[in-house]
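Q: Could you take a close look at the place where the two chains meet, and walk me through it in plain words?

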There are 2 protein chains.
Amino acid sequence: MMNLGGPASLNKVYDFLCRLFSDREIIKLPFQKLAGPLLARRRTGHVQEQYAAIGGGSPILKWTNAQGEAMCKRLDELSPGTAPHKHLVAFRYAEPLTADALSTLSSSGITCAVAFTQYPQYSCTTTGSSLNELYRRIVASSKHVQNVSWSLIDRWSGNELLAKAFAKLIEEELKQYPEDKRAQVVLVFSAHSIPHRVVDCGDPYPAEVANTVHCVMQQLGHANPYRLVWQSKVGPLPWLGPKTWDSLVGLAKHGNKDAILIPIAFTSDHIETLYELDQTYMKDANEKLGMNVRRCKALNTEPIFIEALAQIVHAHLKSGDLSSKQYPLRCPGCTNEDCQRARDFFLSSDGQHH
Amino acid sequence: MMNLGGPASLNKVYDFLCRLFSDREIIKLPFQKLAGPLLARRRTGHVQEQYAAIGGGSPILKWTNAQGEAMCKRLDELSPGTAPHKHLVAFRYAEPLTADALSTLSSSGITCAVAFTQYPQYSCTTTGSSLNELYRRIVASSKHVQNVSWSLIDRWSGNELLAKAFAKLIEEELKQYPEDKRAQVVLVFSAHSIPHRVVDCGDPYPAEVANTVHCVMQQLGHANPYRLVWQSKVGPLPWLGPKTWDSLVGLAKHGNKDAILIPIAFTSDHIETLYELDQTYMKDANEKLGMNVRRCKALNTEPIFIEALAQIVHAHLKSGDLSSKQYPLRCPGCTNEDCQRARDFFLSSDGQHH
């Protein structure tokens, strides 16, 4: 189960940021080996304050383990032929890292592994970076790890149960508004933004996030007006817009006071929901813009979502596919040769020992 | 049936461009009343050459009339209770203009009209501009036009028959490739781009185009890799990317030689398919990049598409809805007060006299 991860405690914030700013698949800095740690050092205090405000660390490992255990339990029922199923966590920027997951794999005698991205929508900056890292770590690993049979679940933005899970949680928030106002509540789907530079390379992320939004709206019978907006931009370069906060300001200006913020590109709570959405945008909208904004709960261990995870893996195992049909196609503007190498590895017999 | 329209002959090119560059809902120029005609004058020769290369004029009126007649014939069968049905064409920048359509309406004794956008995906620069123009022209019209009962079909990006029609035409092109290469053919969905300025206001267009792409891919069983890319950028400002031509160059560089260009945001042939896709991108890709690119046919009078048009209107008439649930919500960054006025008009009793 691959995800970005988050610092478990305040003294892990620097290590987390340092790994993040050193990843050239997500951010490109001049003299990155020096500039990455320097930038991490400069931002550590600020980010520590945010983690302090949500209880002193990221809950992402707790949620991923809870999701993984529930998913495997259900998978053992759905697919007894491939049981027992076991989940491992591989975070990109926090422990347990990809190398940690491979070392557990190595000592466990596992022979068949599915790299299952926990980002429903594929981006080169998230799933792409995690898969490239996995490829690099596997080829640097012990013979046993190299002999494991790998396959990929690299995207699932249009999964029906995922949409149903979001729809259920949105309906729970809608019920908190008076019945006569409910149909006018604006659904503000908020996803982590990415730089225009990445979009212009052909990153499929914006279109896949839009796909999830429309699948959710279909489940809801298109009963409310909605917009897809983008949060968490950092740095001076142009990123995909409109921004979540600017959108709330605009909605308020037009008289749309009731809105639900929906974190559509994450599957569990973390700093972007608990701090950025809850403690900045929602709080400020309600206090300063006179709005009545609520935040849709994160998927976490919502039963329909656990069923989605189990069904996705079950369908994947039954299909025998090595990856989605989209994964083999690199972004048209891609110049990162690890993207080609990772594809060659996972899609050829090198990665497969069935 | 609202659409942008196109010049019927070469001597209409200036008038067409002049209306286009004077529309502040699509382009904002300093001193627009002077600058619009000036810019139109400067570009007329260049654009005339393109229309000359596709036969001397735009076929959009011919196609829209053919679609409208076939749709109404089918609607008379589907919905005898609301028959007879009659289509009128209202182009934004070419004859018949919105005012022409209203004058036909006025003399015909029609009492119930549906403003049906022929852009499946809503953008403020297309459907938004057409509806605002319709609102302005209605309130400036005769008492009879003002008493017509209006309702809107303002978007239909996720319509299943629309997706089926595209899927059928794509499958026809796929069959032109050898069977053993067919599954690797890249589907390049190409839509007209819009400026970042418009996207950043919260224009729903990019997400709605992505919705159509994913509906089509679902119909095709996700059997091919694909990308959504953007064409027809003009001017010096940044627009939504990646560009269609750059994407073909990138695909070729990565060894993806077989690709199908799919005009996903237009419903009939016009300059952007017949000239831009066919005579520049496809031609250059095949001649200069050694690719084997084909262009998916435009929907034109494809029977599944005609059925889609008729079913959309039929469902709309049955629902009694004045518009989609999305239309009432202005873009968060919108500062165009005509957007509010048009909504107030179409969604209140002023526009409704049932």
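A: Putting chain A and chain B together buries about 3,100 Å², and carbon and sulfur atoms give 59% of that area. Keep in mind that this is a predicted model. On the chain A side, the residues that lose the most area to chain B are A:Arg227, A:Lys325 and A:Leu329, which together make up 25% of what that side buries.

How many residues take part in the contact? Chain A brings 34 residues and chain B brings 34 residues.

Now for the polar side of things. Across the interface of chain A and chain B, the rule turns up ten residue pairs in polar contact, both at pLDDT 80 or more. Salt bridges are another story: the rule finds zero of them between chain A and chain B.

Which parts of chain A do the touching? The elements giving two or more residues to the side that touches chain B are helix H8 (196-201), helix H9 (205-219), strand E6 (226-231) and helix H10 (244-253) of chain A. Of these, H9(A) gives the most, with five residues. If you sort the residues on the side of chain A that touches chain B by kind, you get 16 nonpolar, 13 polar and five charged.

So, to picture it: A:Arg227, A:Lys325 and A:Leu329 lose the most area on the chain A side, H9(A) gives the most residues to that side, and ten residue pairs are in polar contact across the interface of chain A and chain B.

Technical notes:
Residues numbered from 1 in each chain as written. Chains lettered and ligands numbered in written order. Predicted model: local features only at pLDDT ≥ 70, side-chain atom pairs only at ≥ 80, totals over all residues. Heavy atoms only, no water. Contact = heavy atoms within 4.5 Å. Buried area = accessible area lost by both parts, 1.4 Å probe. Salt bridge = Lys/Arg side-chain N within 4 Å of Asp/Glu carboxyl O. Polar contact = N/O pair within 3.5 Å; in protein donor to acceptor, adjacent residues only side chain to side chain. Helix = DSSP H or I, 4+ residues; strand = E, 2+ residues; numbered from the N terminus. Nonpolar A, V, L, I, M, F, W, Y, C, P; charged D, E, K, R; others polar.
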